[in-house]
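Please look over the sequence and the model shown below.

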Amino acid sequence: MSAHRTRLIAALDTASYDQALQWATALDGIVDAIKLGLEFTYACGLDAVKALGNRQDLFLDLKLHDIPNTVSSGLRALTPIKPRLMTIHALGGAEMISRSRATLEDAFDNDEKRPKLLAVTVLTSMNEQSLNEIGINATPLDEVVRLGRMAIRAGADGLVCSAHEITALRDALGDGPELVVPGIRPAGSNTDDQKRIMTPAQAAQAGADWIVVGRPITRADDPAAAAQAIQNELQAVTRCR
Ligand code: C5P
């Protein structure tokens, strides 16, 4: 068992390169990584993603979902950006996941530098009724655990999950998978549209490897101070695993 620190990712959700650069500059050396997603990537392009990714560790959250060949080729095309973490949808199936992992291993001989492949299981915007509507007759939590088990077996390094799913996933899958957890709100901050939230310390205590925090940092008067306060909260929680 070793001491394990939960790391902080700032989600830079914007379509403006200047805005993202301003946040990234302010947060440099304070957060452990930045997250860029569909909005920034489609609006600003991959050169802009690469420019920001060259400055800081990058979570490139594009949630790919297509046939195995298309997803693994898409991931290969993204490898020059050298993200630390990348996402695909578990619902694409075991072959899509294993081909994706093989492609990343092939593109990076150094396993330390290989981007970690994360699977998204059930989107937190879905409830039992919306799962039923797409033919899945299970509760969101049961489906998260089922898809999570399949994804890790197929080669995903970890999962994106809600803080409320961490305990069930750790019980089912142990300490190995990297769990990356959005939907985090420091005590007393605005919940925005997030419904089932946890504080940074609660998520760390539950077993998150990384937490993803967007608006509580980017909409703060002083984003650097907001991020530093979250880091201080995380540093007070040291788990053993
Ligand atoms: O601003 P906020 O902290 O809510 O941002 C959280 C980030 O994590 C956003 O980029 C959002 O898209 C992402 N996310 C999420 N819930 C998920 C998966 C991703 O909030 N289940």
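Contact here means that heavy atoms lie within 4.5 Å. This is a predicted model, in which local features need pLDDT of at least 70 and side-chain atom pairs count only at pLDDT 80 or more, while totals for chains, interfaces and linings use all residues. Residues are numbered from 1 along each chain as its sequence is written, and side-chain values use heavy atoms, with hydrogens and water left out.

Start with the sheet. Helices (H or I, at least four residues) and strands (E, at least two) are DSSP runs, numbered from the N terminus. Two strands pair if DSSP finds at least two bridges between them. Eight strands form a closed barrel in the order β2-β3-β4-β5-β6-β7-β8-β9, and their pairing is parallel. On average, neighbouring strands of this sheet are turned by 25 degrees against each other, direction ignored. Such angles are taken between axes, which are lines fitted to C-alpha atoms, for helices over the stretch in contact; they run from 0 to 180 degrees between N-to-C directions.

Strand β2 (residues 7-11) pairs with strand β9 (residues 210-213) in the parallel sense, over four bridges. Within this pairing, Ile9 has Val212 in β9 as its bridge partner. Helix α5 (residues 94-107) packs on the sheet, where it touches β4 (58-64), β5 (85-89) and β6 (116-120). The direction of α5 makes about 155 degrees with that of β5.

Strand β4 has a partner on either hand. Strand β3 (residues 33-36) pairs with β4 in the parallel sense over three bridges, and Lys35 stands opposite Phe59 in β4. β4 and β5 also pair in the parallel sense over three bridges, with Leu60 opposite Met86 in β5. A residue is buried under 20% relative accessible area, exposed over 50% and partly exposed in between (1.4 Å probe, protein chains only). Six of the seven residues of β4 are buried.

A polar side-chain atom of Asp13 is 2.7 Å from a ligand oxygen atom. For Thr124, an N or O atom of the side chain is 2.7 Å from a nitrogen atom of the ligand. The side chain of Arg185 has an N or O atom 2.8 Å from an oxygen atom of the ligand. On its own the ligand has 460 Å² of accessible area, and the protein covers 81% of this. Accessible areas come from the Shrake-Rupley method with a 1.4 Å probe; for residues, only the protein chains shown count as cover.

Ala48 lies in helix α3 (residues 46-53) and counts as buried because its relative accessibility is 10%. Not counting residues up to four places away in sequence, Ala48 touches Tyr17 and Phe40.

Glu143 belongs to helix α7 (residues 140-154). With a relative accessible area of 3%, Glu143 is buried. Its contacts, leaving aside neighbours within four places in sequence, are Val122, Leu131, Ile136 and Ala138.

Thr199 sits in the loop between β8 (178-181) and α9 (200-206). Is Thr199 buried or exposed? Thr199 counts as buried, at 17% relative accessibility. Apart from neighbours within four places in sequence, Thr199 is in contact with Ile184, Arg185, Ala187 and Glu233.

Methods
A polar contact is a pair of N or O atoms within 3.5 Å; within protein, one must be able to donate a hydrogen and the other to accept it, and residues adjacent in sequence count only if both atoms are side-chain atoms.
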